[in-house]
Amino acid sequence: MTAVFSLIAAFIRVYGGKLSDEMGGEKTAVISLIVLLVGSVIMTFSSLLWLTIIGEILVGAGMGVNNAAVFKLVPHYVPDAVGGTAGWVGGLGCLGGFAIPPILGDIVALVGINGYALGFGIYIILSILCLLLVWLLYRTRANLTAHLIR
């Protein structure tokens, strides 16, 4: 299942880039974060294997598309430092891959066997926080554009 998750997240980035080009980075990010949130809720609260697999597929798809959306947004928000910002974004992505698995393990250690499912609640929290950040970015960009037009 780990390989399925990784392959879905990797290959769907191409489609995520196409969506970002057509709809814009913010809208694509919102859609992908909602997909990620739904998948996370399913994985956290499902007790059925087939439903958990659907949740995993949704989480992988949401993360892959969101990755493309983020890299679409970088030149809009940091046009003078695209390379450096892309490096920071990639580094933060690696940090998430490094920091979240031990947290998931700690939840299992605290709660026991039910911690495996409850640990995915981290992704619910992170999805909601990211949706708030995208909203703030969108408002900032809209206000900046309105100010520049005046």
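**Pockets and their linings**

The largest pocket has a volume of about 1400 Å³. The structure is a predicted model, and the volumes and linings reported here are computed from it. The second largest pocket holds about 230 Å³ of space.

**Largest pocket**

- A total of 39 residues line the largest pocket, and those nearest its centre are Asn66, Val70, Leu92, Gly93 and Cys130.
- Two or more lining residues come from each of α1 (2-23), α2 (25-45), α3 (49-77), α4 (82-111) and α6 (121-149).
- Among the contributing elements, α4 gives the most to the lining of the largest pocket, namely 11 residues.
- By residue class, the lining of the largest pocket comprises 27 nonpolar, 11 polar and 1 charged.

**Second largest pocket**

- The lining of the second largest pocket includes Met1, Thr2 and Phe5, together with Met43 and Leu49.
- Thr52, Ile53, Glu56, Val59 and Met63 also line the second largest pocket, as do Phe120 and Tyr123.
- At least two residues of this lining are supplied by each of α1 and α3.
- The largest share of the lining of the second largest pocket is that of α3, with 6 residues.
- The lining of the second largest pocket divides into 9 nonpolar, 2 polar and 1 charged residues.

How values were computed:
Residues are numbered from 1 along each chain as its sequence is written. This is a predicted model: local features need pLDDT of at least 70, side-chain atom pairs count only at pLDDT 80 or more; totals for chains, interfaces and linings use all residues. Side-chain values use heavy atoms; hydrogens and water are left out. On a 1 Å grid over the protein atoms alone, a cavity is a set of points where a 1.4 Å probe fits but cannot get out, and a pocket is an open set with protein on both sides within 12 Å along at least five of seven lines; lining residues have an atom within 4 Å of a point. Grid points are joined across faces, edges and corners, and a volume is the space filled by probe spheres set on the points. Helices (H or I, at least four residues) and strands (E, at least two) are DSSP runs, numbered from the N terminus. Ala, Val, Leu, Ile, Met, Phe, Trp, Tyr, Cys and Pro count as nonpolar, Asp, Glu, Lys and Arg as charged, and the others, Gly among them, as polar.
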